[in-house]
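Topics are taken one at a time.

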Amino acid sequence: MSVLDLFRLDGRTALVTGGNRGIGRSISEAFAEAGASVVVTSRDAGRAEQAADEITSQTGARCLGLPLDVRNQASVEDVIARTREELGGIHILVNNAGINIRQDILEVSDENWEAVLDTNLAGAMRCARAVAPHLKEQRWGRIINIGSILSTVAIAARIAYAASKHGILGLTRVMALDLAPHNVTVNALCPGVFKTEINRPILRDPEYLKEFLKKIPLGRMGDTPELKGAALFLASEASSYVTGSALYVDGGWTTH
Ligand SMILES: NC(=O)c1ccc[n+]([C@@H]2O[C@H](COP(=O)([O-])OP(=O)(O)OC[C@H]3O[C@@H](n4cnc5c(N)ncnc54)[C@H](OP(=O)(O)O)[C@@H]3O)[C@@H](O)[C@H]2O)c1
């Protein structure tokens with residue numbers, strides 16, 4: 001067997017929350033290219049279905065688009081049930097759904113704090129809690145939580161987002177301990193600054209963008225396909241002895 005075979009996902013089913021666009025979309029494409037069946041989601045059913053159809057026509061993989069709101073327990077349970085029914089199981093969960101509301105400690109409202117923490121942190125916990133019994137039962141599973149450079153560094157006016165992404169590392173480590181006896185690994189994938197919807201305020205302000213680029217040793221923002229390799233590593237047999245860790249794909253930002 002070649003080392004490249006360790007990266008194949010044939011026979012696996014993956015659920016990528018918010019996989020219809022941005023980072024989740026690239027990760028979903030990577031898994032489909034590697035042979036997995038993939039469920040992508042959006043709060044909008046039509047957007048999820050369209051993304052699934054596009055991935056299927058690009059890769060030939062089985063792909064399903066389902067509506068999901070990670071803030072809603074019933075919605076989470078419904079997606080896990082439909083994934084198992086329609087694709088025959090679930091092996092890989094990527095907790096990717098996330099939002100950012102940029103406010104500092106002087107201005108943050110309870111409502112915005114709650115929205116960010118409930119989506120980014122509690123949402124990841126809800127999905128993992130619903131998937132974990134199935135992973136445990138089959139004695140194989142991968143959970144990948146999307147953190148951020150803000151899981152370990154700070155940027156002003158990111159009070160709720162940084163708290164949620166720091167929390168992702170705690171969640172990852174405890175779940176790694178809880179699920180290790182069942183041969184289920186749990187890791188965080190922590191991107192730097194990528195060209196997606198969430199960063200529109202940075203992308204449309206050249207001065208702001210210039211300040212950001214100074215902090216990135218590679219001198220540029222990331223393109224979402226540059227996360228494909230790291231995501232596939234954490235989802236596949238290639239990472240069988242890696243759990244509770246955080247993998248930064250950040251152009252070097254967290255070196256300083
Ligand atoms: N871009 C970056 O530089 C960067 C850096 C570090 C970490 N991240 C993280 O990467 C993840 C993906 O972000 P992105 O950059 O790809 O941004 P994005 O294009 O805005 O994608 C965010 C995704 O999250 C979904 N989502 C938001 N709220 C949701 C909810 N309540 N329930 C279910 N899905 C929900 C969205 O789906 P719908 O709107 O279609 O429902 C969308 O698919 C996030 O966790 C983000 O924090 C991004």
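Which of the 30 residues around the ligand come nearest? They are Gly18, Gly22, Ser42, Arg43 and Gly98. The model is a predicted one.

**Ligand surroundings**

- Helix 1 and helix 4 (110-138) are the elements that give two or more residues to the shell around the ligand.
- Helix 1 supplies the largest share of this shell, 3 residues.
- Sorted by class, the shell holds 10 nonpolar, 13 polar and 7 charged residues.

- An open sheet is formed by 7 strands in the order 3-2-1-4-5-6-7, and the pairing is parallel.
- Strand 3 (63-67) and strand 7 (246-249) are the edge strands, each pairing on one side only.
- On average, neighbouring strands of this sheet are turned by 20 degrees against each other, direction ignored.
- Strand 2 (residues 37-42) runs parallel to strand 3 and is joined to strand 3 by 5 bridges.
- Val40 stands opposite Gly65 in strand 3.
- Helix 5 (residues 159-179) lies across strand 5 (141-146), strand 6 (184-191) and strand 7. The angle of helix 5 to strand 6 is about 165 degrees.

**Helix 1 against helix 2**

- Helix 1 (residues 22-33) packs with helix 2 (residues 45-59) at an angle of about 40 degrees, and their axes are 10 Å apart.
- The two helices are therefore oblique to each other.
- Helix 1 and helix 2 cross in a right-handed sense.
- From helix 1, Arg25, Ser28, Glu29, Ala32 and Glu33 meet Ala51, Ile55, Gln58 and Thr59 in helix 2.
- By class, this contact has 3 nonpolar, 3 polar and 3 charged residues.

Note on methods. Residues numbered from 1 in each chain as written. Predicted model: local features only at pLDDT ≥ 70, side-chain atom pairs only at ≥ 80, totals over all residues. Axes fitted to C-alpha atoms, helices over the stretch in contact; angles between N-to-C directions. Helix = DSSP H or I, 4+ residues; strand = E, 2+ residues; numbered from the N terminus. Parallel < 35°, antiparallel > 145°, perpendicular 65-115°, else oblique. Left-handed = near helix turned anticlockwise from the far one by under 90°. Contact = placed C-beta atoms within 7 Å. Nonpolar A, V, L, I, M, F, W, Y, C, P; charged D, E, K, R; others polar. Near = placed C-beta within 6 Å. Pairing = 2+ DSSP bridges.
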